[in-house]
Amino acid sequence: MPARTPSAALVLSLLATGTPALAATPAPATPGVRAPGAALPGELAPLKVAPVDGPHLSLQPANPKPGDPVLVTVRGASALPTGTVAGRPLRFFAWNNGYAALTSLPVEQTEGSVPVDVTAVGRGLPVLLSGALTVGAPGFRERELKVANKYVSPPKAVKARMEADRKAFAAAFAQPFQAPLFGQNFAWPREATVTAPFGDRRSFNGKLQTQHFGVDLDGATGSPVVAANDGTVVMSRDNYASGNTVLVHHGAGLFTAYFHLSRIDVKEGAQVKQGEALGLVGSTGRVTGPHLHWGVKADDRWVDGQTLLKLDFTGAPETPGVATNAPGLGTP
């Protein structure tokens with residue numbers, strides 16, 4: 001009877017898991033009986049074949065919140081993978097002897113399981129790598145703030161300025177997708193206490209309803225603000241609501257924002273390194289007092305910067321929730 005050919009499904013499964021193809025488990029040795037695979041005197045020993053090292057998938061963080069960035073890493077693939085998170089396409093790039101993609105969850109994301117599907121080529125046919133993110137409760141706070149009335153009901157005289165600001169932000173964020181411009185994990189832009197976390201739902205003077213798409217860091221006017229990682233300055237501008245603003249493009253669809261500065265120390269187009277001075281803490285724009293509003297935008301969504309700090313981009317063994325900050329920058 002002819003030998004059976006293993007099914008395509010089995011082959012794909014073996015490629016994905018790294019299991020040796022059709023490997024048999026040796027039976028216990030019996031005195032006087034040659035064990036399977038053993039060589040008789042004068043025979044050559046059988047070759048030892050390494051297991052197939054197929055593509056495998058890792059996700060950071062494994063248990064995100066709504067509004068979190070998500071890092072998808074694929075190792076063992078021989079070409080650029082493709083895939084989706086909750087149906088949203090991933091944009092992969094070569095990274096640390098593998099491939100990675102940075103995406104994000106919307107603040108409106110409901111609790112529960114979010115599917116992750118990636119197709120990658122190993123040493124044979126493409127394989128489907130499936131995973132899931134377990135999304136928890138957001139825990140966003142409700143806050144009432146008092147600001148100058150002109151920021152709640154802007155006069156007609158500034159509406160043209162606000163439209164110019166909107167266009168300037170759109171142009172700054174419209175950077176072509178490219179590989180990361182950084183090679184290390186992200187760090188705090190200043191060592192300070194978090195006075196308002198990402199996601200706060202706010203009402204200003206009991207009227208304007210907004211959500212806080214950044215992390216507020218305490219600081220006196222004139223305190224230094226530095227770049228959270230390497231990148232290119234794509235905005236250096238005074239805006240109506242955000243005040244003196246710096247935006248840094250880090251590649252991989254990732255940006256960091258620095259609002260309400262009292263002084264800007266970089267120009268648009270400048271290449272900056274992690275820890276390099278960008279400006280000084282201030283109270284320009286729509287604020288209740290001097291502080292740094294630090295924003296992070298990943299894959300066209302504002303996300304929680306505190307979660308970005310926990311993502312490991314270094315290629316070390318995957319340990320969700322581990323990050324390395326620059327010397328001198330602590331965790332508020």
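**Entry 1: β20 and its partners.** I began at V226, whose bridge partner in β20 is A277. The strands here, β14 (residues 224–226) and β20 (residues 277–280), pair in the antiparallel sense over three bridges. I take strands as DSSP runs of E with at least two residues, helices as runs of H or I with at least four residues, both numbered from the N terminus. Two strands count as paired if DSSP finds at least two bridges between them. I then found β20 pairing with strand β18 (residues 263–264) as well, antiparallel over two bridges. There, R263 stands opposite L280 in β20.

**Entry 2: what I am working with.** This is a predicted model, so I noted that local features need pLDDT of at least 70, that side-chain atom pairs count only at pLDDT 80 or more, and that totals for chains, interfaces and linings use all residues. Residues are numbered from 1 along each chain as its sequence is written, and side-chain values use heavy atoms, with hydrogens and water left out.

**Entry 3: the chain as a whole.** I counted up the elements: the protein chain has three helices and 22 strands. Of its 332 residues, 44% count as buried. My cut-offs are under 20% relative accessible area for buried, over 50% for exposed and partly exposed in between, with a 1.4 Å probe and protein chains only. The accessible surface of the chain is about 16600 Å², and 57% of that belongs to carbon and sulfur atoms. These areas come from the Shrake-Rupley method with a 1.4 Å probe; for residues, only the protein chains shown count as cover. I also looked at contacts (heavy atoms within 4.5 Å). Among those between residues at least 6 apart in sequence, 68% join residues at least 24 apart.

Entry 4: Four strands form an open sheet in the order β1-β2-β6-β5, with antiparallel pairing. F93 has A100 as its bridge partner in β6.

**Entry 5: backbone spots.** In the loop between β1 and β2 (69–75) I found P61. A cis peptide bond joins Q60 and P61, with omega about -15°. In the loop between β5 and β6 sits N97, whose phi is near 60°, a positive value in a residue other than glycine. Is N97 buried or exposed? At 83% relative accessibility, N97 counts as exposed. I noted D300 too: its phi is positive, about 70°, although D300 is not a glycine. D300 lies in the loop between β21 (291–298) and β22 (301–303), and at 56% relative accessibility D300 counts as exposed.

Entry 6: Strand β3 (residues 82–85) and β4 pair in the antiparallel sense over two bridges, and V85 has R88 as its bridge partner in β4.

**Entry 7: D165.** I looked up D165 in helix α2 (residues 156–173). D165 counts as buried because its relative accessibility is 7%. A polar contact of 2.4 Å joins the side chains of D165 and R237. By polar contact I mean a pair of N or O atoms within 3.5 Å; within protein, one must be able to donate a hydrogen and the other to accept it, and residues adjacent in sequence count only if both atoms are side-chain atoms. Leaving aside neighbours within four places in sequence, D165 is in contact with R237, D238, N239 and Y240.

**Entry 8: nonpolar cores.** A nonpolar core is a set of buried Ala, Val, Leu, Ile, Met, Phe, Trp, Tyr and Cys residues joined through side-chain atoms within 4.5 Å. The largest has 37 residues, and Y258 and F313 have the most contacts inside it. Elements giving two or more residues to this core include β5, β6 and β17 (254–261). Its largest share, four residues, comes from β21. Apart from it lies another core of 19 residues, among them A77, V85, V127 and V135.
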